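Dear colleague,

I am handing over the structure below, and I would be grateful if you could read the notes that follow alongside the coordinates.

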Amino acid sequence: MGGPEVRKIRLWQDRIETAVEVSGSGPPLVYLHGPWGIAPDRTFIARLAGANTVYAPHHPGTSRGDHEAVHVLESWLDLVVYYGELLDRLALEAPTLVGHSFGGLVAAEIAAAMPRSVGRLVLIDPVGLWRDDLPVKNWMLLNDTERRPSLFADPQGEAARLFFGVPNDPAARVDALAQSIWAQACTGKFVWPIPDRGLKHRAHRIVAPALIVWGKADRIVDAAYAQEFAARIAGAEIVLIDGAGHLPHLERQDAVIEAVRRATTASSRPQREPK
Amino acid sequence: MKVCMFHLMPYRDLPADFEQRYESAFIDPLWFDVADADKVGAYYNATLDELIYAANAGLHGVCTNQHHQNVYGFMANPSLMGAVLARATNGQNVAIVQLGSTLPSTTPPTRIAEEYAMLDCISGGRLVAGFPTGLPSDATIANAVVPVDQRERFREALALVKKAWSAKEMFAWNGKHYQLGMVNLWPRPIQQPHPPIWIPGSGISSTAENVVSLDHCFCHLSYFGARNAAQVSDRYWELAAEKGRDDNPYRYSFLQLIGVAETDAEAEDLYAAHAEYFFNKLLHTPHYYQQIPGCLEYPALVQALSGTSRAEVNLRDLKAKDFYERGFVIVGSPKTVREQLLDGVKRLRIGHLLALLHFGSMPTELCKRNIDLFAREVLPHLEGLWDDKYDDRWWPERLTAKRPAAALATAS
């Protein structure tokens, strides 16, 4: 099986090159990766591609060879408008938007800013809201002992092993670590030090039928946040995943794929008018 | 050459089990668990006393610095300390070396331009304006600077401060990180267009390159001694040559922990507990608080990850004799200290030596004794260096008059 087609799209007055990995066939689905870059999510993307044409863009600054793009977008507004430009360029008809963690926040923000351009919305353990009694743990400051148990329900499980595995070849190892650290830098830029960019003020604009997926054992963003999101997005459905932490799409991939598939193939609910 | 006293203002009386209680000397230690505000008041005053004592003893400058949320050193606003020092040393041939306020964490950075201008005015033009980028933990955790923005903010802020100091007309600053509609700074520094600018770093990075490009002085703040610094200094001098700069040693400042006593044996004994306190308790800073994604620019990140994997030294496993043997701390009789210092100064081409004459839990009496012996028995052997061939262009102009070493040696 061949890898995804990689389209390189120049955006933002030609100042940002975005690699978009395109795979599969079927209704269009845009996947927005989380803080660790696209690499760990490729197995999940491949599964999504079983029923959809998946477009998976690399967050600005994480496309190979375009690291300095991290400095081009200057604000949260820039980021949202940039994604509007990317969606326009992909010319997709009301795609499903799926985002994990940081990518979930971006997906929700796009659905609030451009309600008619998103067909369906799937948020997997998104950041973006804040409760003082359940502070979101800063994933960029995890020490060696807390890193695995903070991200995975089973810190010794296969998903954790794959996620934290690094190649033996020295050059490949440096590259893998650099990509992962830099992806955290590029995404963290927009949510440091607290991942609350005010989505709560705008979430009422979301009209796409929304599915909220959460790992029950998420120790970065507590699963109680599923309710917080659902309370702000009319008609949102929640699916909690047993035996999964902050990355349920890796730790319980079957269950997440099943939930996404059910939601995206359900007889279409009429989209509401934006408020 | 010039020799300045550097001070970190650490917490001097941590509980014996501090390193068992806390994995980190930064961010984590809880004030109400470890600290006492009355003691801290005494430490601030002792720090000022010790620096003023060093000025009176004949050192050429006194250095302050800014750190946050830690036990290792917490002059949260170095300008407050600098103000006291400027006032107390008025009329003396002593530089007020602010090393200094961290630009990326202060908004707007013209606040620092104002404070430094005040210090230059109060001191009668004796300010050295140091601009650190700030430790990652200071900038990004204590002050919420976005990690990937830290260096970019630094560069913009420094340009803004320099313009604010010297602009003849009011101006507007429409930058990426800072916007100010009407900049017309009051006061301005006596030293125009700007006081000497020193920029600290712990190694060669884009910051050091920037320092050479801007023709400022690079301060290598290492705690591992001149004996272990040649790799960095060699690279620095190569960089200077590549960019067409001369080999003037005053382009380079270096920090060294120093403890002097009458004999080697006495010194080794006197400073042992304080060296261990410094390296075992105060300096413990885990990588997740200093290697925050984004704090290194991408090329530097790749370089750091590619570095030959030296077995990392766990400072908590080392004892005083290790710190001495490895050259982290130079301790001994005046003869031993001056020989080791001269070796290092010449090898690295140090123009400004930043002597950490207080470190760890050292009590004031011992610190003052250290200063006395250093000023009387070591300093006179260092200060004549370089001046026959090089001008210090990174020193306040009003202080460049030669000082008779012999007179100073007996002054205290």
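**The sheet of chain A and what lies on it**

In this predicted model, chain A holds an open sheet of eight strands, in the order E1-E2-E4-E3-E5-E6-E7-E8 and with mixed pairing. Strand E1 (5-11) and E8 of chain A stand at the edges with a single partner strand each, so one side of each is left without a neighbour in the sheet. From one strand to the next, the twist averages 20 degrees. Within the sheet, E5(A) and E6(A) pair in the parallel sense over five bridges, and A:Thr96 stands opposite A:Arg120 in E6(A).

Helix H2 (residues 76-90) of chain A packs on the sheet, where it touches E1, strand E2 (16-23) and strand E4 (53-57) of chain A, and its direction makes about 125 degrees with that of E1(A). Helix H3 (residues 102-113) of chain A, for its part, lies across strand E3 (28-32), E5 and E6 of chain A and runs at about 145 degrees to E5(A).

**Helix H9 of chain A**

The 13 residues of helix H9 (residues 253-265) of chain A should span 18 Å at 1.5 Å a residue, and this agrees with the end C-alpha atoms, which are 18 Å apart. Its buried residues are A:Val256, A:Ala259, A:Val260, A:Ala263 and A:Thr264; because they cover an arc of only 120 degrees around the axis, they are on the same side of H9(A). These buried residues pack against helix H1 (42-48), strand E5 (96-100), strand E6 (120-124), strand E7 (210-215), strand E8 (237-241) and helix H8 (248-251) of chain A. The face turned away from that buried side carries the exposed residues A:Asp254, A:Glu258, A:Arg262 and A:Thr265.

**Helix H6 of chain A and the contact with chain B**

Helix H6 (residues 170-188) of chain A has 19 residues and reaches 27 Å from its first C-alpha to its last, close to the 27 Å expected at 1.5 Å a residue. Among its buried residues are A:Ala178, A:Ile181, A:Trp182 and A:Cys186, and what covers the buried residues of H6(A) includes H3 of chain A together with H12 of chain B.

Between the two chains, 17 residues of chain B are in contact with 19 residues of chain A. On the side of chain B that touches chain A, helix H12 (residues 298-306) of chain B gives the most, with five residues, and by class that side has twelve nonpolar, two polar and three charged residues.

With kind regards

Technical notes: Residues are numbered from 1 along each chain as its sequence is written. Chains are lettered from A and ligands numbered from 1 in the order in which they are written. This is a predicted model: local features need pLDDT of at least 70, side-chain atom pairs count only at pLDDT 80 or more; totals for chains, interfaces and linings use all residues. Two residues are in contact if their C-beta atoms, placed from the backbone, lie within 7 Å. Helices (H or I, at least four residues) and strands (E, at least two) are DSSP runs, numbered from the N terminus. Ala, Val, Leu, Ile, Met, Phe, Trp, Tyr, Cys and Pro count as nonpolar, Asp, Glu, Lys and Arg as charged, and the others, Gly among them, as polar. The expected span of a helix is 1.5 Å times one less than its number of residues. A residue is buried if 20 or more other C-beta atoms lie within 10 Å of its own, exposed if 12 or fewer, and partly exposed in between; C-beta atoms are placed from the backbone. The arc is that of the directions from the helix axis to the C-beta atoms. Two strands pair if DSSP finds at least two bridges between them. Axes are lines fitted to C-alpha atoms, for helices over the stretch in contact, and angles run from 0 to 180 degrees between N-to-C directions.
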